[in-house]
Amino acid sequence: MENKVVFGLKNARYAVITEGTDGAYTYGAPVKFPGATALTLEPKGEQADFYADDILYYTSASNQGYDGTFTVANITEAFRKDVLGEELDAVDKVLSEKSSAKPKKIALLFEFDGDQKATRHVLYNVSVTRPGMGSATKSTSVEPGTTELTFVAAPRPEDELIKVSTTADTTAGVYDAWYTAVYEKTV
């Protein structure tokens, strides 16, 4: 049965992309990204309107993926090293951010809960920007701060795939294995 409503965000994971010499992407094992609090995806692309005969004669739209924000309780050290390119000093155990760091592309996996069953998603070609940093003095409440990552989820170059999602009819084998590897349709 299909969900009537969608709520909640959980089970966020990332998988680092390795690009082959032929341009094909392979994905590392998905790594948990705990503390997800919000995720928004805004369509990226344009609508082109063509006027003729004094009317809107033709309209076309392009799909270039999404601009997104992902808010988490805290950016993990593993993510900082694996994706953002920060370096951990082996002796002093100090994490260094360098201007020459090259962030890696990732697949982003997550799920939205529903009244029937959670819908699982994967974005295949995500480029993140380094997050801002901040905190505030604790007042009478002890509400933790969050960190926001901005990203672009672009079409995958090899096949223009942007995102896939499970449905109410997704097979149990695919649904249950969603977080063991980045989903790729078997041919």
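User: Which residues does Thr119 touch, not counting residues up to four places away in sequence?

Analyst: Thr119 touches Asn3, Phe110, Glu111, Phe112, Ser165 and Thr166. A contact here means heavy atoms within 4.5 Å. This is a predicted model: local features need pLDDT of at least 70, side-chain atom pairs count only at pLDDT 80 or more, and totals for chains, interfaces and linings use all residues. Residues are numbered from 1 along each chain as its sequence is written, and side-chain values use heavy atoms, with hydrogens and water left out.

User: Where is Thr119 placed? And is Thr119 buried or exposed?

Analyst: Thr119 sits in strand β11. Strands are DSSP runs of E with at least two residues, helices are runs of H or I with at least four, and both are numbered from the N terminus. Thr119 is buried, with a relative accessible area of 18%. Buried means under 20% relative accessible area, exposed means over 50%, and partly exposed is in between (1.4 Å probe, protein chains only).

User: How many helices and strands does the chain have?

Analyst: The chain has two helices and 13 strands. Of its 187 residues, 29% count as buried. The C-alpha trace spans about 70 × 45 × 40 Å along its principal axes.

User: What share of the contacts with a separation of 6 or more comes from residues 24 or more positions apart?

Analyst: Those residues account for 65% of such contacts in the chain.

User: New topic. How many cavities of 30 Å³ or more does a search of the whole structure find?

Analyst: The search finds one. On a 1 Å grid over the protein atoms alone, a cavity is a set of points where a 1.4 Å probe fits but cannot get out. A pocket is an open set with protein on both sides within 12 Å along at least five of seven lines. Lining residues have an atom within 4 Å of a point. Grid points are joined across faces, edges and corners, and a volume is the space filled by probe spheres set on the points.

User: What lines the largest cavity?

Analyst: Its lining is Phe33, Phe70, Phe79, Ile106, Leu108, Val126, Val128, Leu149 and Phe151. Strands β10 (106–114), β11 (119–128) and β12 (147–153) are the elements that give two or more residues to this lining. The lining divides into nine nonpolar, no polar and no charged residues. Ala, Val, Leu, Ile, Met, Phe, Trp, Tyr, Cys and Pro count as nonpolar, Asp, Glu, Lys and Arg as charged, and the others, Gly among them, as polar.

User: And how does the lining of the second largest pocket divide?

Analyst: That lining has five nonpolar, four polar and two charged residues. Thr119 is in the lining, along with residues including Asn3 and Thr166. The pocket has a volume of about 160 Å³.

User: How many aromatic pairs does the structure hold?

Analyst: It holds nine. Rings of Phe, Tyr and Trp (its six-membered ring) pair if their centres lie within 6.5 Å. Planes under 30 degrees apart count as stacked, over 60 as edge-to-face, and the rest as tilted. Tyr14 and Phe33 form an edge-to-face pair, 5.8 Å centre to centre with 75° between the planes.

User: Why does the pair of Tyr14 and Phe33 tie parts together?

Analyst: Tyr14 lies in strand β1 (residues 6–19) and Phe33 in the loop between β3 (31–32) and β4 (36–43), so the pair ties together parts 19 residues apart in sequence. Tyr14 and Phe33 are buried. Ring pairs also link Tyr14, Phe33, Phe70 and Phe79 into a cluster.
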